[in-house]
Amino acid sequence: MLYRETGQFKTSYPKDQAIFPIAQDKAFILLVLAVAFLAVPPFINDYYAKAILIPFLSYTMAAIGLNILVGYCGQISLGTGGFMAVGAFATYKLMTSFPGLDFALIVILAGFVTAGVGALFGLPSLRIKGFYLAVATLAAQFFLVWLFNKVGWFYNYSPTGQITAPPATSFGVLVTGPEASPAAGYLFCLAFVCVFALVAKNLTRGNIGRQWMAIRDMDIAAELVGVQPLKAKLSAFAVSSFFIGMAGALYFGVWLGAAEPTEAFGINISFLVLFMIIIGGLGSILGSFLGAAFMVLLPIVLKTVMVDGMGLQAVTAKHFEILLLGVLIIFFLIVEPHGLARLWSTVKEKLRLWPFPY
């Protein structure tokens, strides 16, 4: 009875095609947004902002971008860390070259710069796919990190090779730098993720999203029915890189504040975001949120239980985290390839029939 759909009639095509056609789903999302925008900011402190909420939002943006490419278009990529580095360094150059520019505009411009770079590295996808495309994107990961390490122009010839985000404002509110309040940074990232998650959801439901899914399911059949592989694959790389570039901007500008390419944007970041979409659910915007939340909260929960609660050493908790992560990835790949998003969908289906299943 909690999820009863009886009596919810759709009397027009727009109502039938709505993102949330069921009233309970719409009410739940509105409640979550109200809590996130209104209830959380008055109580947020620096620990919750920097350790949980802003990392979760930054990784969610990156996971949405990678999910568009891998989950919806079927193109394998291991270069997420490199593309996040493009977004971060584009943000740094824009912030230092145009100090008065609004930071929201800088994040969007960094996304466009990364989209251009991503489309360039997506060109091999027209000739190769699968394992070979994964190796090509892996090469992009190493090349981009090497480029940002070796070319001094990217880090303004700093002796340390590190980039540091100067204070920047958005609509008059300071959102970067040590003087920025935790609530301002959190609300800035939250607004970006909510707006662009809605954009991604609508993109995947529209014409271009259907072309991506046709290429993913069978590219030869898609071409026979009129889908242009060149346009579909390059647009997927560009849109995916746009989201990942904005994630890099939030990751560097709002969360870290300072970054060094090898440490902050190494291959570990690429695998971390890939694990997020595998556990959260391939081809699902909701899965990107669930996967990012799971991967951000897992180390904190294990530390709280194993180190603070059971008195074990921190290194033991870290080893257990790596072991558990490997087991979970194997489990989801074998038992439920659509991840946590599919499990949530199954729960909803059960609630529709409860308490009289048949």
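Which helices each supply at least two residues of the nonpolar patch? They are helix H2 (23-39) and helix H15 (339-353), where helices are DSSP runs of H or I with at least four residues, numbered from the N terminus.

The structure is a predicted model, in which local features need pLDDT of at least 70, side-chain atom pairs count only at pLDDT 80 or more, and totals for chains, interfaces and linings use all residues. Residues are numbered from 1 along each chain as its sequence is written, and side-chain values use heavy atoms, with hydrogens and water left out.

**Nonpolar patch**

The surface patch consists of Phe28, Val32, Leu286, Trp344 and Val347, which together have about 420 Å² of accessible area. Accessible areas come from the Shrake-Rupley method with a 1.4 Å probe, and for residues only the protein chains shown count as cover. Patch members have over 30% relative accessible area and no salt bridge; nonpolar side chains (Val, Leu, Ile, Met, Phe, Trp, Tyr) are joined within 5 Å, like charges within 9 Å. Leu286 is found in helix H13 (residues 285-309) and is partly exposed at 37% relative accessible area. Buried means under 20% relative accessible area, exposed over 50%, and partly exposed in between (1.4 Å probe, protein chains only).

**Aromatic contacts**

Rings of Phe, Tyr and Trp (its six-membered ring) pair if their centres lie within 6.5 Å; planes under 30 degrees apart count as stacked, over 60 as edge-to-face and the rest as tilted. This rule gives 22 aromatic pairs. One of them joins Phe196 and Phe243 edge-to-face, at 6.0 Å centre to centre and 90 degrees between the planes. The partners are 47 residues apart and link distant parts of the chain, with Phe196 in helix H7 (residues 182-205) and Phe243 in helix H10 (residues 229-256). Phe196 is buried at 13% relative accessible area, and Phe243 is buried at 2%. Both residues belong to a cluster linked by ring pairs, together with Phe103, Phe112, Phe188, Phe192 and Phe242.

The charged end of Lys93 sits over the ring of Trp153, 4.0 Å from its centre; the criterion is NZ of Lys or CZ of Arg within 6 Å of the ring centre and within 35 degrees of the ring normal.

**Salt bridges**

There are 5 salt bridges, each a side-chain nitrogen of Lys or Arg within 4 Å of a carboxyl oxygen of Asp or Glu. Among them are the following.

| Salt bridge | N to O distance |
|---|---|
| Arg216 and Asp217 | 3.1 Å |
| Asp308 and Lys303 | 3.5 Å |
| Arg342 and Glu349 | 3.7 Å |

Asp217 is exposed at 55% relative accessible area, whereas Arg216 is partly exposed at 33%.
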